[in-house]
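Me: I have a chain open here and want to talk through it. Can you take my questions as they come?

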Amino acid sequence: MTDKALRLGTRRSKLAMAQSGQVAEAVGQVTGRPVELVEITTYGDVSREHLAQIGGTGVFVAALREALMRGEVDFAVHSLKDLPTAQPEELALAAIPVREDPRDVIVARDALKLTDLPRGARIGTGSPRRMAQLNAYARTHGMDIETVPIRGNVDTRIGYVRKGELDAVVLAAAGLNRIGRSDEVTDFLSVDTVLPAPGQGALAIECRAGNTAQDAALIAALAELDDPFTRAAVTAERSLLAALEAGCSAPVGALADLLADGQIVKEMRLRGVVGTTDGSTLVQLSTTGPVPETQEAATALGRELATEMLAQGAAGLMGERAH
């Protein structure tokens, strides 16, 4: 490999720049080459519409992928939960590094926890998945909350709470950790209360799957940053999402975690949930099996759980769209 700088394509948001900067450092170490960040504006960054209306999370990914295919950048970093489940043949998912905390958190006024929120509390989130599960939790625990659709970056969202317009907002723990603002979290939502988005907390490093020696060398170098357990987990979660044919606007939560006996990892448990945004109907199931050794095994785990969820009535909920 030459000493020519590798160009890393990234979105311009504070969070994207923070996570890309962390990856750039790691890639510099494994390749011995300088890495420069190339900022790319995506339609998802400039549009003020609700995500569900502009085509789900894929709007953040398309511009980065186009820059990759045109050769303007050498590799790109995405939040894995933003990636559409179908992988283009021209691109390789070269590495999925060790996952950050996958949980959702709330940032609430007066350092309140979820269970301390007053009756009629207004909770902001742009995610139908979070709305469905929070509303279901409130129904079963005798809480009275209102979920309010919001968009914007972390500052904008936390600003609604600071200005007193909302009682709380829901965010991903991983994002706040990566920008060094985890001290603002007032409550971590247990995955038993809110299952995260498939792939939440994980990053995807993508590059061209070309036949050139350069592409092959870059794929091999990036592969050193791959974490096989994280890859198996997110592959199972995304396979569940794909099999439910949910697209990004249907409220699907999924989490695969490893069950260990002492230091020995024995099994992988995959949990999935789908529901109506008002929380009146939830289909929540889990399955446990040996830790998948291959991409195919991880994919099969997700597909099997999706089949069971569809049999339990998930299909009927899939017509729901966030309004």
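Me: Which side chain does Arg271 reach with a polar contact of 2.8 Å?
Reply: The side chain of Asp192. A polar contact here is a pair of N or O atoms within 3.5 Å; within protein, one must be able to donate a hydrogen and the other to accept it, and residues adjacent in sequence count only if both atoms are side-chain atoms.

Me: What is the source of these coordinates, and how are things counted?
Reply: This is a predicted model, where local features need pLDDT of at least 70, side-chain atom pairs count only at pLDDT 80 or more, and totals for chains, interfaces and linings use all residues. Residues are numbered from 1 along each chain as its sequence is written, and side-chain values use heavy atoms, with hydrogens and water left out.

Me: Is Arg271 buried or exposed?
Reply: Buried, at a relative accessible area of 11%. Buried means under 20%, exposed over 50%, and partly exposed in between (1.4 Å probe, protein chains only).

Me: What else is Arg271 in contact with?
Reply: Leaving aside neighbours within four places in sequence, the list for Arg271 includes Val191, Leu195, Leu255, Leu285 and Leu305. Contact means heavy atoms within 4.5 Å.

Me: Which strand is Arg271 in?
Reply: E12, residues 264-275. Strands (E, at least two residues) and helices (H or I, at least four) are DSSP runs, numbered from the N terminus.

Me: How do E12 and E13 pair?
Reply: In the antiparallel sense, over 9 bridges, with E13 covering residues 282-290. Two strands pair if DSSP finds at least two bridges between them. Val274 stands opposite Val283 of E13. The hairpin has 6 residues between the strands, and among them Gly279 takes a positive phi near 80°.

Me: Which residues other than glycine have a positive phi?
Reply: Among them are Asp110, at about 55°, and Ala111, near 55°. Asp110 lies in the loop between strand E5 (104-108) and strand E6 (121-124), and Ala111 lies in the loop between E5 and E6 too. Asp110 is exposed at 59% relative accessible area, and Ala111 is exposed at 56%.

Me: New topic. What is the strand order in the open sheet of 5 strands?
Reply: E2-E1-E3-E10-E4, with mixed pairing. Strands E2 (35-39) and E4 (91-95) stand at the edges with a single partner strand each, so one side of each has no neighbour in the sheet. The twist averages 35° from one strand to the next.

Me: What packs on that sheet?
Reply: Helix H3 (residues 62-69), which touches E1, E3 (75-79), E4 and E10 (203-208). The direction of H3 makes about 165° with that of E3. Axes are lines fitted to C-alpha atoms, for helices over the stretch in contact, and angles run from 0 to 180 degrees between N-to-C directions.

Me: And how do E1 and E2 pair?
Reply: In the parallel sense over 5 bridges, with E1 at residues 6-10. Leu8 stands opposite Leu37 in E2.

Me: What is the average pLDDT of the chain?
Reply: It is 89, and 89% of the residues score at least 70. pLDDT is the predictor's confidence in each residue, from 0 to 100. Over residues 50-55 the pLDDT is below 50.
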